[in-house]
Amino acid sequence: MTFFKELKRRNVYRVAALYIIVSWVVLQVVEVFTSFLPLPEWTGRLVFLLLLIGFPIALVLAWAFELTPEGLRSEREAEPGPPPPRRRRRGGDIVIYVLLAGILGYLAWQRDWSDPAGDAGQGDIRSLVVLPFEERMNDPDQSWFAAGMLDSLIGELSKIEALHVISRTSAMRYEDSRKSIPEIARELGVDAVVEGSVMRDGETVRISVQLIEAAPDRLIWSASFDRELSDILALYREVTREIARQVRVTLTPAERAQMEAWSEVDPQVYEWFLEGRFLCDNWSPLEMERGIRLLEKAIERDPGYAPAHARLALCLQYAAFFNYVDPLDILDRSHRAAETAVELDDSLAEAHVARAGVEYYLEFNPRAALESLNRALELEPANVRALMHASWLLGEAGHFAEAIELNLKAVELDPMSMIVAHALAQAYYLGRDFEQAIEQTEKALSLDRNDPSVHYFLALPNDQLGRFDASRKSYERAIELSGGAPLYRAGLAYSRARAGEPQEAERILETLRDDPRTAAFDIALVLLGLGRLEEALSWLENAYESRDSQVIYINTDARFDPLRDAPRFKRLLDRFDYPPARR
């Protein structure tokens with residue numbers, strides 16, 4: 001009897017096939033359990049190693065022992081007897097080998113057989129979106145944690161210049177979406193989708209990630225990572241590095257070095273930072289107030305944590321821009337936070353964006369602000385916040401083509417963002433392309449019809465085109481949604497005066513004078529509509545001194561054209577020192 005026939009007689013082939021089938025099933029079960037249980041990330045590798053060690057042992061046992069009706073006996077002890085019926089034995093073998101062939105076929109389908117150095121397969125992936133993580137914490141009060149991790153991972157991936165990564169704002173629109181992966185990818189124009197889950201157990205964080213090639217809806221790679229919260233920055237960079245490896249983008253030496261560099265963070269500081277950032281990004285007065293307090297607590301506990309300083313500076317600026325706080329009251333705090341962030345980490349793009357915000361919106365120094373934004377974009381060319389701030393500044397400085405160019409890049413990175421779409425509309429309006437401004441504002445409204453600022457902005461080009469009935473509807477909707485914000489009421493008064501209804505404008509002006517929320521700019525706007533230009537100029541000068549953020553629009557806003565020849569207005573504009581074009 002030949003050796004191979006003896007292997008068959010002793011069922012070694014059958015045992016080998018069964019062992020592979022059972023091992024594959026065990027590994028799938030382990031992968032499922034590790035996705036939602038707080039098991040170490042090396043659990044799967046350990047099980048695989050044990051199964052691999054057990055394989056030759058199983059083959060040896062199959063050679064040495066035979067299963068008989070009396071039990072398991074060694075070959076020497078087993079008495080020769082009639083073999084099992086041939087048809088039954090062949091049927092069992094067929095089932096086993098079909099199962100084995102199915103598993104091997106599945107693994108071959110999952111495997112990418114392209115040349116690692118080539119450009120085929122997932123080597124074509126140059127754009128992706130990270131979808132909102134599935135939360136497995138069962139705690140609605142911790143929603144900010146998963147959102148913060150998503151934001152941080154997108155931020156790390158966006159630093160890879162060869163990879164086009166969709167911004168978090170657009171990604172969040174697909175939270176709980178029932179759309180398929182190919183549908184989402186088509187809408188966002190990406191090659192691949194990253195999805196996953198996050199679970200937290202005390203100080204331990206587990207993140208499970210899958211990279212899916214969009215068009216064929218094919219899983220390229222999946223893994224789970226466990227880290228202590230203090231090592232969370234290492235986790236982001238490890239996931240980023242692995243995704244970059246899987247899609248085969250070429251990292252620059254600087255990008256590679258950045259991924260290798262990380263430091264521990266105080267878990268409590270990081271929690272306060274994530275929650276504070278989450279609350280500030282919601283842009284409501286109470287949530288921003290809470291967010292500012294949490295960021296200040298993080299800084300108090302760890303004065304050397306640069307991201308908390310940068311985000312505090314930004315949050316204070318935005319609160320002042322929306323008139324939630326007096327700009328003069330927070331100018332020093334915001335300035336100090338931004339400067340500290342840059343001193344602590346000059347490579348942090350958000351620190352330079354924060355400093356630019358202080359220089360522009362609070363100190364009215366657009367030239368210095370643009371230098372800071374250029375530095376931020378040098379560090380992170382795909383930083384949407386830096387692109388937006390630069391676009392706003394350049395549009396308000398009169399460099400409309402560059403403002404639109406930067407904004408269109410932001411649209412590519414964040415196609416579902418109402419704010420980005422709205423900013424593009426603003427660039428068209430300031431550049432006097434009023435029809436295009438209306439069309440683009442309608443696009444912004446299709447993304448969010450409940451933002452009062454977009455309705456207000458839709459009224460402005462309609463005013464300039466003499467469509468006062470249309471603008472009135474937009475102003476009234478903005479007033480309704482905002483709870484009667486003075487700026488929107490002032491806009492309505494300006495429009496009514498332009499439409500030939502000065503009595504209504506005067507009536508609104510009186511109500512504004514009695515409202516403690518009213519800013520100097522609001523009064524100036526109504527007086528401008530009424531044609532009381534000298535009074536309007538005096539109020540604009542007051543608005544400049546009080547750092548009213550709306551004053552930044554007067555350089556290019558068509559509403560202020562009646563003042564362009566006034567020496568006082570020219571002197572006011574000269575105080576801004578607008579920069580030349582960014583190029």
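These are my notebook entries on a predicted model.

**Entry 1: overall make-up.** I began with the totals. The protein has 583 residues, and 52% of them are buried. I listed its secondary structure as 26 helices and eight strands. I then looked at how far apart in sequence the contacting residues lie. Taking contacts between residues at least 6 apart in sequence, I found that 64% join residues at least 24 apart.

**Entry 2: disulfide.** How many disulfides are there? I count one disulfide. Its partners are C280 and C315, with the sulfur atoms 2.0 Å apart, which is within the 2.5 Å cut-off. The angle about the S-S bond is -90°, and I noted the link of C280 and C315 as left-handed. C280 sits in helix α10 (residues 267–280) and C315 in helix α12 (residues 306–321), so the link ties together parts that are 35 residues apart in sequence. I also checked the burial of the two cysteines: C280 and C315 are both buried.

**Entry 3: nonpolar cores.** The largest nonpolar core holds 149 residues. Which of its members touch the most others? I find M149 and I554 in that position. I followed up M149 and set aside residues up to four places away in sequence. What remains in touch with M149 is F133, V198, V205, I207, I232, L235 and Y236. There is a second, separate core of 22 residues, and A171, I181, A421 and L445 are among them. As general background, I note that nonpolar side chains in soluble globular proteins tend to be buried together.

**Entry 4: E504.** I looked up E504 next and located this residue in helix α23 (residues 502–513). Is E504 buried or exposed? The relative accessible area of E504 is 16%; the cut-off for buried is under 20%, so E504 counts as buried. Leaving out neighbours within four places in sequence, I find E504 in contact with R472 and R496.

**Entry 5: helices α8 and α9.** For a packed pair of helices, the description rests on the angle and the distance between the axes. I took helix α8 (residues 232–247) and helix α9 (residues 253–260), whose axes come within 9 Å and cross at roughly 140°. An angle over 145 degrees would count as roughly antiparallel; α8 and α9 are therefore oblique to each other. Which residues meet across this pair? From α8 I noted R237, T240 and R241, and from α9 Q258, M259 and E260. By type, the residues of the contact of α8 with α9 are three charged, two polar and one nonpolar.

Technical notes:
Residues are numbered from 1 along each chain as its sequence is written. This is a predicted model: local features need pLDDT of at least 70, side-chain atom pairs count only at pLDDT 80 or more; totals for chains, interfaces and linings use all residues. Side-chain values use heavy atoms; hydrogens and water are left out. Helices (H or I, at least four residues) and strands (E, at least two) are DSSP runs, numbered from the N terminus. Buried means under 20% relative accessible area, exposed over 50%, partly exposed in between (1.4 Å probe, protein chains only). Contact means heavy atoms within 4.5 Å. A nonpolar core is a set of buried Ala, Val, Leu, Ile, Met, Phe, Trp, Tyr and Cys residues joined through side-chain atoms within 4.5 Å. Axes are lines fitted to C-alpha atoms, for helices over the stretch in contact, and angles run from 0 to 180 degrees between N-to-C directions. Angles under 35 degrees count as roughly parallel, over 145 as roughly antiparallel, 65 to 115 as roughly perpendicular and the rest as oblique. Ala, Val, Leu, Ile, Met, Phe, Trp, Tyr, Cys and Pro count as nonpolar, Asp, Glu, Lys and Arg as charged, and the others, Gly among them, as polar.
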